[in-house]
Amino acid sequence: MNPQTQRLNSNGEEVLAAFRHLYQLLGPETVNLQSLRTVYRDDIHFEDPFHQIDGLAALCEYFDSLYENVLRIRFEFHQHWLGEGDAMQTWTMYLAHKRLNGGKPFAVEGCSLLRFDQQQIYFHRDYFDGGQLLYENVPILGAVIRKLKQGLA
């Protein structure tokens, strides 16, 4: 392993630890530029199944609007893989949201692809089943989606 790769992998563990720490603390009261800046560069590119966001200020606004109706949220982190300047982190999100599932908690499995430089993440893409998060937890529509899934099994 060359010295540059060793340095990135060593820094990668630190970047991943900071990422996990941020998401363990992140909530409606803690979404702000200062907390996000501990992990993300100002030019962050963020993607999830619903949005693509460029820039830290826009990401902060997006998270602020997401967390507006969150009653409780918790991330449990599982396996991770670390490469040269990138990583994959699997997780389970436990969420209670005012407008989903009658406010009762539910879980969503997912993973995050992260690309980073020496200290901060500049690319973050979340992979998860958008239907599991949203459509299955909306009144009436959720029941229809769950019934369809049972019929396909």
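**Reading the core and a hairpin**

Q: How many disulfides does this predicted model have?
A: The count comes to 0 disulfides. The rule asks for a pair of cysteine sulfur atoms within 2.5 Å.

Q: Are Cys60 and Cys111 buried or exposed?
A: Buried means under 20% relative accessible area. Cys60 has 13%, so Cys60 is buried. Cys111 is buried as well, at 18%.

Q: Which residues have the most contacts inside the largest nonpolar core?
A: Start with the general idea. In soluble globular proteins, nonpolar side chains tend to be buried together. Now the case here. The largest nonpolar core has 33 residues. Tyr23, Tyr40, Phe63 and Ile121 have the most contacts inside this core.

Q: Which elements give two or more residues to this core?
A: Two helices are among them: H1 (3-25) and H3 (56-67). The strands are E1 (40-47), E3 (70-82), E4 (86-97), E5 (106-116) and E6 (121-128). H3 gives the most, with 6 residues.

Q: What is Phe63 in contact with, leaving aside its neighbours within four places in sequence?
A: Phe63 is in contact with Tyr23, Leu26, Val31, Leu36 and Phe46.

Q: How many bridges join E3 to E4?
A: 10 bridges join the two strands, which run antiparallel. Across this pairing, Ile73 in E3 stands opposite Leu95 in E4.

Q: Which residue takes a positive phi in the hairpin of E3 and E4?
A: Gly85 does, with phi near 90°. The hairpin has 3 residues between its strands.

Key
Residues are numbered from 1 along each chain as its sequence is written. This is a predicted model: local features need pLDDT of at least 70, side-chain atom pairs count only at pLDDT 80 or more; totals for chains, interfaces and linings use all residues. Side-chain values use heavy atoms; hydrogens and water are left out. A nonpolar core is a set of buried Ala, Val, Leu, Ile, Met, Phe, Trp, Tyr and Cys residues joined through side-chain atoms within 4.5 Å. Buried means under 20% relative accessible area, exposed over 50%, partly exposed in between (1.4 Å probe, protein chains only). Helices (H or I, at least four residues) and strands (E, at least two) are DSSP runs, numbered from the N terminus. Contact means heavy atoms within 4.5 Å. Two strands pair if DSSP finds at least two bridges between them.
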